[in-house]
Amino acid sequence: MSLLDRYHLLVHDVAAAFGYDYNDATPDWVHPFIHLILVLAPALLITVGSYLAIRGILKLWKYRSTPALHTEPIRGLEKSLFKTVLRYSRSQQALMILVSLIAMPILYLTLELPKQIVNNALDSGRFPIAILGQDLDQVVFLMLLCGLYLLAIILNGLNKYGLNVFKGYVVERFLRRFRLLVYRHWRSDPDARNQSEIIPILAQEVEPIGGFAADVLALPILQGGTLLTILSFMFVQDPVLGAAALTVLPIQLVLLPKLQRRVNALSRTRIREVRQLGRQLSDQLRERQVNPAGLLPVSTSFRELERVRRKIFRLKCECWT
């Protein structure tokens, strides 16, 4: 038996294990999709996951083995931003994790109840049905399931609303503390250069740090839990359908980190341009006179900011699609 024949037998065995047994009578266009969904895509996903895990371990080992740079720390801040976030918002992070975990069973109910309404309330002939010792006819049972579905949707919306409101509280609370620490460090440094840069730093550049403080744990748990919940529901309904949903995951794992790194690099470029613009405007204000020659560098900064923002917007659109 050739290697190709063994591969075809393997695909048939995997398909049979998933409850889908196909043969030569199956249309030809189905065969490549079965190969892609049940063998090639899972193999690629395992390969990509192993590569990312090994690369992460090597980066962590390199980071620990590399001597740290002896920079002057800001009093009140840890060496790692993650440790700083946990230091000042540990209890809030635990509460957001709890709320994120509560959202998972509610989400599963919003997926399961419509199926129960169609299969057991509309297309079922076994009525009356006994629930908690009570005999319910078809209409009452249908109204009960619809009421539970409406309640699940309301709970899901309230959960998201409460989580988003609490995230806003965590963002502003952490930003207030972080701005105060940076401001105290700036005031205590008599040799600080480019003093005007403190304005964009405190007003704009720290905003993403506040978002990071709110999303550092809650967002991965919420998004990852949502993905796992939906995939679990799909695998319970049809394993082949669930496997088909995983076919695009290896591509996303490869492309999205690269696009995100490009967005981060452009964001740092935008920050440098904003600081440069602040220095130029500050110098012109110190002159206390209209300087016609100063219009050209400011206009150049505006044009550069526009170019960088357009690139960031385009890359974000590619990530979303």
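A residue is called buried here when its relative accessible area is under 20% and exposed when that area is over 50%, with partly exposed covering the range in between. By that criterion F233, with a relative accessible area of 14%, is buried. The coordinates discussed in this report belong to a predicted model.

**Overall architecture**

The protein chain has ten helices and two strands, and, read from the N terminus, its elements follow the order α-α-α-β-β-α-α-α-α-α-α-α. Of its 321 residues, 27% count as buried. Among the contacts in the chain that have a sequence separation of 6 or more, 70% are accounted for by residues 24 or more positions apart.

**Helix pairs**

| Helix pair | Axis separation | Angle |
|---|---|---|
| α1 (residues 3-17) and α2 (residues 30-65) | within 10 Å | roughly 85° |
| α4 and α5 | 11 Å | about 175° |

On the α1 side the contact is made by Y7, H8, V11, V14 and A15, and on the α2 side by I34, H35, L38, V39 and L40.

The angle of about 175° between α4 and α5 lies over the limit of 145 degrees, and these two helices are therefore roughly antiparallel to each other. Here the contact involves R179, V182, Y183 and W186 from α4, together with I198, I201, L202 and A203 from α5.

**The largest nonpolar core**

The largest nonpolar core has 15 residues, of which V85, F174, F178, V182 and V206 touch the most other members. Helices α3, α4, α5 (198-205) and α6 each supply at least two residues of this core, and α4 gives the most, with six residues. V182, one of the residues that touch the most other core members, is also among the α4 residues in the contact with α5. When residues up to four places away in sequence are not counted, V206 touches L175, F178, R179 and I201.

**The buried side of α6**

In helix α6, which spans residues 207-215, G210, A213 and A214 are buried. These residues cover an arc of only 95° around the axis, which puts them on the same side of α6. The partners against which the buried residues of α6 pack are α3 (81-122), α4 (138-187) and α7 (218-237).

**Aromatic pairs**

The structure holds three aromatic pairs, including one formed by Y108 and F233, whose ring centres are 5.8 Å apart and whose planes stand at 80°, so that the pair is edge-to-face. Because Y108 lies in helix α3 and F233 in helix α7, this pair ties together parts that are 125 residues apart in sequence. Y108 has a relative accessibility of 25% and therefore counts as partly exposed, whereas F233, at 14%, is buried.

Another pair is formed by F174 and F178, with ring centres 5.9 Å apart and planes at 20°, so this pair is stacked. The two residues are four positions apart in helix α4, and are therefore separated by about one helical turn.

N159 lies in helix α4 and, at 10% relative accessibility, counts as buried. Leaving aside its neighbours within four places in sequence, N159 is in contact with V99, I102 and A103.

Q280 is found in helix α9, which covers residues 249-287, and its relative accessibility of 15% places Q280 among the residues that count as buried. The C-alpha atom of Q280 is separated by 9.4 Å from that of S301, a residue 21 positions away along the chain.

Note on methods. Residues are numbered from 1 along each chain as its sequence is written. This is a predicted model: local features need pLDDT of at least 70, side-chain atom pairs count only at pLDDT 80 or more; totals for chains, interfaces and linings use all residues. Side-chain values use heavy atoms; hydrogens and water are left out. Buried means under 20% relative accessible area, exposed over 50%, partly exposed in between (1.4 Å probe, protein chains only). The arc is that of the directions from the helix axis to the C-beta atoms. Contact means heavy atoms within 4.5 Å. Rings of Phe, Tyr and Trp (its six-membered ring) pair if their centres lie within 6.5 Å; planes under 30 degrees apart count as stacked, over 60 as edge-to-face and the rest as tilted. A nonpolar core is a set of buried Ala, Val, Leu, Ile, Met, Phe, Trp, Tyr and Cys residues joined through side-chain atoms within 4.5 Å. Axes are lines fitted to C-alpha atoms, for helices over the stretch in contact, and angles run from 0 to 180 degrees between N-to-C directions. Angles under 35 degrees count as roughly parallel, over 145 as roughly antiparallel, 65 to 115 as roughly perpendicular and the rest as oblique.
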